[in-house]
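User: I am new to this structure and would like to learn how to read it. Please take me through it one feature at a time.

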Amino acid sequence: MQLDMAADELRSVLNRLRRAQGQIAGVIRMIEEGRDCEEVVTQLAAASRALDRAGFSIIAAGLEQCLAEEGQAPGDKDRMRARLEKLFLSLA
């Protein structure tokens, strides 16, 4: 299954990933500078949430594509469901 997202969805996912990238760079700097543990963990949690949201957006787009595809054999739907379930669980 190839990722096919509308331009606005793609832009949103890319923005979330860039935000996470910046937050992770900030965490690295904070650790190198010996910053407070609570500040580091707070920033790391924010990066994790940004990554999770980007992942869920990508999976939602995949679900939308799968639901839109008609004419699939029953076995194909079962395999696709298993693949999507595995993707969801990978983010849990």
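This is a predicted model: local features need pLDDT of at least 70, side-chain atom pairs count only at pLDDT 80 or more; totals for chains, interfaces and linings use all residues.

User: Which residues is valine 13 in contact with, apart from its neighbours within four places in sequence?

Analyst: Valine 13 is in contact with Met5, Ala54, Ser57 and Ile58. Valine 13 and alanine 50 are 37 residues apart in sequence, and their C-alpha atoms are 9.2 Å apart in space.

User: Where is isoleucine 58 placed, and how exposed is it?

Analyst: Isoleucine 58 belongs to helix α2, which covers residues 37-68. Isoleucine 58 counts as partly exposed because its relative accessibility is 32%. Between the C-alpha atoms of isoleucine 58 and leucine 87 there are 9.9 Å, with 29 residues separating the two along the chain.

User: Which other residues of α1 are buried?

Analyst: Along with Val13, the buried residues of α1 are Ala20, Gln23, Gly26, Val27 and Met30. A helix has a repeat that helps in reading such a list. An α-helix has 3.6 residues a turn, so residues three or four places apart point the same way.

User: Glutamine 23 is in that list. What is its relative accessible area, and what is it in contact with?

Analyst: Glutamine 23 has a relative accessible area of 14%, so it is buried. Its place is in α1, residues 7-32. Leaving aside neighbours within four places in sequence, glutamine 23 is in contact with Gln43, Ala46, Ala47 and Ala50.

User: How do I read the length of a helix, taking α1 as the case?

Analyst: Compare the span from the first C-alpha to the last with the span expected for that number of residues. With 26 residues, α1 reaches 37 Å, close to the 38 Å expected at 1.5 Å a residue. Just after α1, glycine 34 takes a positive phi of about 70°.

User: Which residues form the nonpolar patch on the surface?

Analyst: Leu10, Leu14, Leu17, Ile24, Ile28 and Leu51 form the patch, with about 440 Å² of accessible area together. Five residues come from α1, which gives the most to the patch. Leucine 51, one of the patch residues, is found in helix α2. At 39% relative accessibility, leucine 51 is partly exposed.

User: How do I read salt bridges, and how many are found in the whole structure?

Analyst: Side chains of opposite charge can pair when their charged atoms come close. The search of the whole structure finds two salt bridges. Glutamate 33 pairs with arginine 35 in a salt bridge whose closest N and O atoms are 3.5 Å apart. Arginine 35 also forms a salt bridge with glutamate 39, with the closest N and O atoms 2.9 Å apart. Through shared partners, Glu33, Arg35 and Glu39 are joined into one network.

User: How exposed are glutamate 33, arginine 35 and glutamate 39?

Analyst: Glutamate 33 counts as exposed because its relative accessibility is 51%. Arginine 35 is partly exposed, with a relative accessible area of 41%. Glutamate 39 is partly exposed too, at 37%.

User: What is the secondary structure of the protein as a whole?

Analyst: The protein has three helices and zero strands, and its pattern along the sequence is α-α-α. Of its 92 residues, 23% count as buried. The protein exposes about 6700 Å², of which carbon and sulfur atoms supply 55%. Among contacts between residues at least 6 apart in sequence, 72% join residues at least 24 apart.

User: Where is the confidence lowest, and where is it highest?

Analyst: Confidence is lowest in helix α3, residues 74-91, at a mean pLDDT of 74. Confidence is highest in α1, at 91. The protein averages a pLDDT of 81, and 82% of the residues score at least 70.

Note on methods
Residues are numbered from 1 along each chain as its sequence is written. Side-chain values use heavy atoms; hydrogens and water are left out. Helices (H or I, at least four residues) and strands (E, at least two) are DSSP runs, numbered from the N terminus. Buried means under 20% relative accessible area, exposed over 50%, partly exposed in between (1.4 Å probe, protein chains only). Contact means heavy atoms within 4.5 Å. Patches are made of residues with over 30% relative accessible area and no salt bridge: like charges are joined within 9 Å, nonpolar side chains (Val, Leu, Ile, Met, Phe, Trp, Tyr) within 5 Å. Accessible areas come from the Shrake-Rupley method with a 1.4 Å probe; for residues, only the protein chains shown count as cover. A salt bridge is a side-chain nitrogen of Lys or Arg within 4 Å of a carboxyl oxygen of Asp or Glu. The expected span of a helix is 1.5 Å times one less than its number of residues. pLDDT is the predictor's confidence in each residue, from 0 to 100.
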